[in-house]
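Have the 3D view open as you read.

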Protein chains: 2
Amino acid sequence: MARPKNAFYAQSGGVTAVINASACGVIETARKYPETIGKVYAGRNGILGALQEDLIDTGKESDAAIRALRHTPAGAFGSARYKLKGLDQNRAEYERLIEVFRAHNIGYFFYNGGGDSQDTCHKVSQIGDELGYPVVCVGVPKTIDNDLPYTDCCPGFGSVAKYVATSIREAGYDVASMAATSTKVFVLEVMGRHAGWITAACGLATEQAGEAPHILLFPEIPLDQKAFLARVKEVVKTHGFCVVGVSEGIRDLEGKFISDSGLRDAFGHAQLGGVAPVIANLIRSELGYKYHWAVADYLQRAARHLASKTDVRQAYAMGKAAVELAVKGHNAVMPTIERISDVPYKWKVGKVGLAEVANQERMMPRDYITADGFHITAKCRRYLSPLIEGEDYPPYRNGLPDYVRLKLSSVKKKLNKEFKP
Amino acid sequence: MARPKNAFYAQSGGVTAVINASACGVIETARKYPETIGKVYAGRNGILGALQEDLIDTGKESDAAIRALRHTPAGAFGSARYKLKGLDQNRAEYERLIEVFRAHNIGYFFYNGGGDSQDTCHKVSQIGDELGYPVVCVGVPKTIDNDLPYTDCCPGFGSVAKYVATSIREAGYDVASMAATSTKVFVLEVMGRHAGWITAACGLATEQAGEAPHILLFPEIPLDQKAFLARVKEVVKTHGFCVVGVSEGIRDLEGKFISDSGLRDAFGHAQLGGVAPVIANLIRSELGYKYHWAVADYLQRAARHLASKTDVRQAYAMGKAAVELAVKGHNAVMPTIERISDVPYKWKVGKVGLAEVANQERMMPRDYITADGFHITAKCRRYLSPLIEGEDYPPYRNGLPDYVRLKLSSVKKKLNKEFKP
């Protein structure tokens, strides 16, 4: 019998609270098929690890360490913001990948990322065939942006959603306490430059009239300053305080990013970033209210301490399903999450061809946003609500989450040449 | 037998994740002494509620609702940033307080706040005696700033400490994943304008060499830009990435707040606030590293979802002890937390006279900060570590923390005059 082919797993793009849960699913499942899959190598810093022949032998990690990936945020093997160009533009990169795969007897490629990564994964399956070294390529969906098509939701998003909804509810309680004599307006900036999924998730905190957040500013809706300020004023008049959730990617009526609105420090340095301070300052200048603002940034996507149990399960399931699809002989596919029902929430694992999923963005439907553009609809709530269900607390040590650090043992190089990506 | 006197409870200043746990301790304990304490009235929006005769009858709240205060962040009755002036400067305010207390048969005053509030509490006990209407005044310590003297720590601080240490650890895992191709520096801004206790708490996340945070910027240590930038460079060289925890209150070598360093938006509006973007931008301008930054702001002090169990217990214990002190006939005192041992952590309830505690700030000892000024010492860790011990999760509903909203029934006014504070 032929020696089983090894597998290569890589994490790609911005990391999440649960991408390691997918890694856990891939590695634990691969360990169940030793006759089909040999070693599982991980790329150090994502796809760069393959290009630079910098492979990590996950076989050197104990079962306990791999199990702990399930409750550890971020990318344990390192991720990369590195998009392979088209085959025509940089064929050498793809050839190098296949060369490294061949040298290490790698026959399976599991790529854990968003749309760009699924595109790369698809191209690798094509070039392998072309070069006479076929590789089974299976994508593992991941993105806090929730913008992959053909899957009901994306692992990583549910936990960010739970974090921002919880945080804005808590801040709402805080501001409500302070509003009589002090802070009347609170602005929380959240991620999601192109699609408003994360901003929408803030809206889950509003279960009764008057509860925070009172206003959401979506990247899909150009900011009408006048209408916005009028709404803030009305909310403060009615409820005594106003909490605003704002996407980092909102634009003005001319389509210009608000975050690029010329913020400069004393030294003239431009673009500090941060939409929340701009919005907060606008409110103070025009309405005079005392404000506070927060920018959650990486805290929101790294917050494994508040992960959604649904999200953790789905992230693990996608890693597991990717390996099972490969073992069953599927190629150039990505497992997906298919919703069966909203209440009670039921879902199952599906799959889609990489050719279909690559380089498409799923935008938020317009009817998920209220007609006035400032909040979410019941339909949106029905979609989002199950994704934040359940808690999945990590273990704690010395009062802090006990996250794992892997050994990350390097695999001996076999090729005698460097590659500069 | 005389009708028992009623009690007045008020929340003061910036709220915390556990100030309601103290309220819970006050109300539940008072309900155990119906022969000594009649009703417990709470001030709507803190002391303003007394001045404006706007009292809330906590007796209308169910036992379950009061119990739920223990897991609900912020000030359920409303807090106020309102400092009573000195007796000489505004005697009318104190006289008004006594007038309202007399009208509602209030003989106990429990004031839940920081240094200023303990000062007010002390003055009320004096003026009551002077005006022939003695009031038993007991302070309940509260401040995330951890700067009250005579108590080993302050309820509210431990939970912020746990939040910032957890958050900066999580962000550290994130940046470590991304550093090869993207973000190399992450800056988290935390509260604590005068004392570096919260900044120090970030340091608890560093348990092994190289773990985030790598650098802390304390309000106690003037920012030496050159030394700071050299350290950032060194950390990135050694570990590949650098995580910085910075106090909102850091100053430059001339003593000027960094947050006041002339930040202006496109419209020329000054002082957007935010030290993190200034520090991040400084790093990019001088060293060229890609950065991300976060400003936790209210999220950190409202984060009941990640409260320290030690902190929750102490907050409750302070409320309970305040009532017990009053019942035993003590006056013008504040219960305190006395540390018995670090490991295992043991503490007991003590007390201190309000005359001693009023208007003093407890600064962080210099030997809690390393000689180079950029991290915490083992001594500091020994002090801080027990304060973040244990988790005390709130119940969840629909994927979100299920915090209580009280009925807040108003007590009928008895005085026929308005009071404009």
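Let's begin with the ground rules and then go to the interface.

This is a predicted model, in which local features need pLDDT of at least 70, side-chain atom pairs count only at pLDDT 80 or more, and totals for chains, interfaces and linings use all residues. Residues are numbered from 1 along each chain as its sequence is written, while chains are lettered from A and ligands numbered from 1 in the order in which they are written.

Look at where the chains meet: 69 residues of chain A are in contact with 69 residues of chain B (contact means C-beta atoms, placed from the backbone, within 7 Å). On chain A's side, α6(A) gives the most, with 13 residues (helices are DSSP runs of H or I, at least four residues, and strands runs of E, at least two, numbered from the N terminus). Because 100% of the interface residues of chain A are also interface residues in chain B, the copies meet through the same surface.

Next, find β5 (residues 136-141) of chain A. Six of its six residues are buried, so the strand is largely enclosed by the rest of the structure (buried means 20 or more other C-beta atoms within 10 Å of the residue's own, with C-beta atoms placed from the backbone). Val136(A), Val138(A) and Val140(A) point one way from β5(A), and Cys137(A), Gly139(A) and Pro141(A) the other way.

Terms used
Contact = placed C-beta atoms within 7 Å. Buried ≥ 20, exposed ≤ 12 C-beta atoms within 10 Å, placed from the backbone.
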